[in-house]
Every structure is written in C-alpha cells, then in structure tokens.
Amino acid sequence: MASDLGMLEDRMAEEQKPPTGPDLKQGVQEDMLPDGGMLAGHAGEDEILLIRRGGEIFALGAHCTHYHGPLADGLVVGDTVRCPWHHACFNLRTGEAIAAPALSPLTCWKVEQRDGKIFVGEKRQDVKPASARARKSAPERVVIAGGGAAGFAAAEMLRRMDYQGSITMLSDDSAPPVDRPNLSKDYLAGNAPEDWVPLRADSFYSESAIDLRLATKITAINPNSREVVCGDGSTFRYDRLLLATGAEPVRLSLPGADQPHVYTLRSLADCRAIIARASEARRAVVIGASFIGLEVAASLRARNIEVHVVAPEKRPMERVMGPAMGDFIRKLHEEHGVVFHLEDTPAQIEAARVRLKSGTALDADLVIMGVGVRPRTQLAEAAGLRVDRGVMVNEFLETSAPGIFAAGDIARWPDAYSGQSIRVEHWVVAERQGQTAARNILGARERHNFVPFFWSQHYDVPINYVGHAESWDHIAVEGNIEAKDCLLRFQHAGRTLAVASIYRDIDSLKAEVEFGTARSA
Ligand SMILES: Cc1cc2nc3c(=O)[nH]c(=O)nc-3n(C[C@H](O)[C@H](O)[C@H](O)COP(=O)(O)OP(=O)(O)OC[C@H]3O[C@@H](n4cnc5c(N)ncnc54)[C@H](O)[C@@H]3O)c2cc1C
Ligand code: FES
C-alpha cells in the first residue's frame, strides 16, 4: 500500500504517464488469464483490469475510485474485487462500488473471446447498479440528521437505489460533506488541494434532489409527531429518520485551554484555522498520542514545524496496537523529529508555552488537542431513545424508536463476531452503516455484519486494522515491524479478534474475508 502522500504522487503521476501492460484491444492469449486471475493492461488511454471467474471474463477500470488504489493488487472474492488500500468492494458485473469507502462505480468494458484470445471492446453503457431497484413501499420523506460519513453515504445510496421520495440532510457544519480522514493527513500537510476534500461537488446535491441544509442545528426530535426541530425554528417531518450526528472532540478543561491558538480538529473549518495558524507557527504542542494526534504531528512536521507530543500513556497507541507497534510508532515519529513527553500531562496553557505536570515548560505558538471524541447522543437521549455509551441499534441499525435509524460514530450495534455490542469511530464503518441504513430505510431488512476496518497514516507508513479487539491475551507477530512488513494478530483464548498490518494488504483483505465468513456462519 502506498502512503497517502505516495497515493497523491501516484495519482498525479498516473494522470500524466502513458498506460502500461498489454494493449487489450489487440487481444491477449487466453492462457495469460487463469481462473481467478487478474491481468492489468490498457485500451488507448484507459487502464483496464481483466478478471476471470470460471467461464466469465470481466474488464473493469484498473484503479479504485476512492484514492486510485491498484485493484490488480487486491483480492477477488466471489463476484467482487476488493481494493488493497482501504478495502472498498466493487461488483465485477456492474462495476458498482457496493461497499465504501469508494462510492463511484468502475467503468466496465465489453469482452470478446475468439481464436484463443481475449479482446476488450467498447465501454459498456448498459450497466446499471444492482442496487437500482425501485421499491414499492418506500417512505415519502427521509430526513438525515448529519452531513458526515454516514449521512452522506446514506443519501447517496438512497438515490443510487432509485429512491424517488424526498431527502433532507441537516448539518450544523457550514461545509458540505468532506473527506474527514484527509483533514489530519494530506490536506493538513499541504499535499492535497482543497478541491479533493469535498466528497462531492456542490452541484451533486441539487442534481440528486438532496435538500442539503448547512449550518442548521437540530435541537430536538419528536418521535411521536415524527418531526425534527432546528435551532432557527424550522421543522421537518419524516417518515424515516437517520441519526448520524457523529462525535465531537473532547476539549480538556485546563487553565488557558480557551485561547485562540488552542485547537481541536473535526471539521474543515477547524482544519483551515489550524493551517492558517501553522503558516506562522514555529512550535506546536500536540496533546494526545492518539491516531489523530499523531497524524496531526506528522502533517505539521511536513510543514517544518517543531512538534512536541504530550500524553499520559507509556507508549503511543499501545491500548489499540500493543506495545511493540507502540514502540515502533514512537520511533518512527522520533526519526521525523517529533519529541515525546509521555507519562506526563499538560497543567496549563499560556500564550507562548504549555506547562506540564512534571514541571517541564514547552514553547508553543500552536496547541492541538487530540484527546478523543464524545459521541453526539444528546438529541437521541432527549428524544427518549435507548442510549448506553452510544445510541443502541439492532442488527438492522434501527433504534428503539419506530422509523428512526442510527449509523456511524454514535451507533452501538450487536457485533456478530465478538458477540458484544460495540461502537467504533471509523470512517469506513460509518459509511457502510449509512449504506446499510439506506437499504433498510427502503425495506431491505439487511443485517449490518461488515467487519470493522480502519486505516491510519504516519509519514510513509500506512497501518490497516481489521476486526475489533478491546482486549487480548496474546499478539502473534508475523514478519518484522521494524522492517515495515508485518501482520499482528490480536488474540483472546486462541481466537483472533483483529489484525493490524503494515504493507501486508492481501493478508489484511484475507483476514477481513475470514472474519466476515465467521460472522455469517
Ligand atoms: C481529522 C480526522 C481524521 C480521521 N481519520 C480517520 C482515518 O484515517 N480512518 C478512519 O477510519 N477514521 C478516521 N476518522 C474518523 C472518521 O472520520 C469518523 O469515524 C467518521 O467521520 C464518523 O462518521 P459519522 O457520519 O458518524 O460522523 P461525522 O462524519 O462526524 O458527521 C456528523 C455530522 O453530524 C452533524 N451534526 C452533529 N450534531 C448535529 C445537530 N445537532 N444538528 C445538525 N447536525 C449535526 C455534524 O455537523 C456532521 O455533519 C478521522 C476523524 C477525524 C476528525
Ligand atoms: S484507494 Fe481503494 S479503498 Fe481507498
């Protein structure tokens, strides 16, 4: 897997360089494509991937529509191909992006076999996503509370499914749905242009008849009258409501924490404000050695800012990744100039420095708190929905109130693999839950049984994580963490609950398939 920066460079280079591999219009010998095999080639300017499944041969765009991942390095599973980078899943017959994080389909080409050769023909215009089946008993009005990962994915899926009723998306953010993971990575580092940040162009919403209301805060939900009330007094009636209000960053209540040079990071506006400050800042203190804290540290180093990380734990990310990976991550950041102050906490933030409990004073003209998030469950609680460290949903993502679904960072769902109710804060999970909720809003009765997946990026090191392990009694390490080529299995009583990997994309994909099979068994 390439780094995000690598992805960006790949993407720009790919756009300029001529396509490689055999010319598929001229044909390739059939024996070059065994059953289950993939072959990358081109037709004119277009890069194409040939895939054979038994007697059928498919020709699809060779790159994932999320961040341009090379699908030839991915995995074919049944009638799908999975992207090696962040596990998007595409249907081989239609090219449809059936599971996030990719949302747009792959182009499909016609394929012909003659004289022992395979030829790629014209682009197929006849493909329609399998999702596009009009439903007889669709609700008239769908309201989506939240314009983030889950909310956007739900709205997009509803329209993809040919839903003809009204969709209103209410968001208290002033920006349309954005690619939030990018806010701590390439965009913050200054490596991605801002036009890569929105999930869709502004015109998408009007063209798709999605009534997107920005800077609109919902203040109450009335499950009896099926109505949401907003801060400006407007009300919206719904037949189905999706709660996707996400999470908000925790702000430590320290003396000086309310000063203008102290930031948290969740929204595009937060990120723009940090970038503006970073253009003048020389020294930053990042409070918290979480994923977001450390991604921010890496991005600020890319801007040549001195970075100090302060956190109470002994090792960064040890709670999720274990001690060996924690040590590796620490060393990686230190090699890039980050200075850690672990087993210490901030006591006070002053205009030009942060004082720690240990007595150390760190000069800082920029302070970022990355100390975790809190799910935004207040609306659900006030409306009388069942809430227990998250909005409780069943396997269909239905809350305790009829007609109300919940998805994303706020939702706690019964996980079939662990047998526990879990809530996770991952981009792909939020999007996939949004997609499942959309299908269920239209009556599909589909269980949410996707395996949790997240990725994190630190300089040139991508970390992929599949599954969910809140605790474990053993970590089995395959490969070499230091050499950035490893797979860690988090096990409890001999059973693998999750795997983390660096540059072991196929193994990570296979683990996802194994966990998924176990869930549905
Ligand atoms: C900087 C950053 C980087 C991240 N990187 C990664 C990563 O690399 N990998 C990964 O797996 N995950 C990552 N995450 C986590 C991921 O972004 C979240 O898990 C995901 O966004 C959750 O989606 P959601 O739809 O539940 O919430 P959100 O995307 O937060 O959307 C919530 C929406 O609800 C709106 N809202 C909330 N309350 C109200 C209200 N009362 N009225 C109206 N609107 C309201 C908000 O404005 C927002 O539009 C990152 C998060 C951040 C902040
Ligand atoms: S590049 Fe394919 S899922 Fe991200």
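The model is predicted, so local features need pLDDT of at least 70, side-chain atom pairs count only at pLDDT 80 or more, and totals for chains, interfaces and linings use all residues. Residues are numbered from 1 along each chain as its sequence is written, chains are lettered from A and ligands numbered from 1 in the order in which they are written, and side-chain values use heavy atoms, with hydrogens and water left out.

**Confidence**

- The chain averages a pLDDT of 94, where pLDDT is the predictor's confidence in each residue, from 0 to 100.
- A pLDDT of at least 70 is reached by 94% of the residues.
- Residues 1–6 stay under 50.
- For residues 1–6 the model has 22 contacts beyond four places in sequence; contact means heavy atoms within 4.5 Å.
- Where pLDDT is low, predicted coordinates should not be read in detail.

**Ligand 1**

- The shell around ligand 1 holds 32 residues, each with a heavy atom within 4 Å of the ligand.
- The closest are Asp 172, Lys 185, Ile 218, Arg 266 and Asp 409.
- By class, the shell has 13 nonpolar, 10 polar and 9 charged residues.
- Here Ala, Val, Leu, Ile, Met, Phe, Trp, Tyr, Cys and Pro count as nonpolar, Asp, Glu, Lys and Arg as charged, and the others, Gly among them, as polar.
- At least two shell residues come from each of α2 (149–160), α9 (427–441) and β32 (453–458).
- Helices (H or I, at least four residues) and strands (E, at least two) are DSSP runs, numbered from the N terminus.
- A backbone N or O atom of Trp 427 sits 3.0 Å from a ligand 1 oxygen atom.
- For a backbone N or O atom of His 426, the distance to an oxygen atom of ligand 1 is 3.3 Å.
- For a backbone N or O atom of Ala 244, the distance to an oxygen atom of ligand 1 is 3.4 Å.
- The protein covers 96% of the 1,000 Å² of accessible area that ligand 1 has on its own.
- Accessible areas come from the Shrake-Rupley method with a 1.4 Å probe; for residues, only the protein chains shown count as cover.

**Backbone geometry**

- Most residues other than glycine have a negative phi, and most peptide bonds are trans.
- Ala 100 and Pro 101 are joined by a cis peptide bond, with omega about 20°.
- Pro 101 is in the loop between β8 (97–99) and β9 (108–114).
- His 68 is not a glycine, yet its phi is positive, near 75°.
- The loop between β4 (56–61) and β5 (75–77) holds His 68.
- His 68 is partly exposed because its relative accessible area is 24%; buried means under 20%, exposed over 50%, and partly exposed in between (1.4 Å probe, protein chains only).
- Lys 484 also has a positive phi, about 60°, without being a glycine.
- Lys 484 lies in the loop between β34 (474–480) and β35 (485–492).
- Lys 484 counts as partly exposed, at 24% relative accessibility.

**Ser 508**

- Ser 508 is part of helix α10 (residues 505–520).
- Its relative accessible area is 0%, so Ser 508 is buried.
- The side chains of Ser 508 and His 87 make a polar contact at 3.2 Å.
- A polar contact is a pair of N or O atoms within 3.5 Å; within protein, one must be able to donate a hydrogen and the other to accept it, and residues adjacent in sequence count only if both atoms are side-chain atoms.
- Beyond four places in sequence, Ser 508 is in contact with His 87, Asn 464, Val 466, Leu 487 and Ser 501.

**Asn 182**

- Asn 182 is in the loop between β12 (166–170) and α3 (186–189).
- Asn 182 is buried, with a relative accessible area of 4%.
- The Asn 182 side chain reaches the backbone nitrogen of Tyr 187 at 3.2 Å.
- Its contacts beyond four places in sequence are Tyr 67, Tyr 187, Leu 188 and Ala 192.

- Ala 401 lies in the loop between β28 (391–392) and β29 (404–406).
- Ala 401 is buried, at 9% relative accessibility.
- Beyond four places in sequence, Ala 401 is in contact with Pro 223 and Leu 385.
- Ser 421 belongs to strand β31 (residues 421–422).
- Ser 421 is partly exposed, with a relative accessible area of 31%.
- The C-alpha atoms of Ser 421 and Asn 394 are 9.4 Å apart, across 27 residues of chain.
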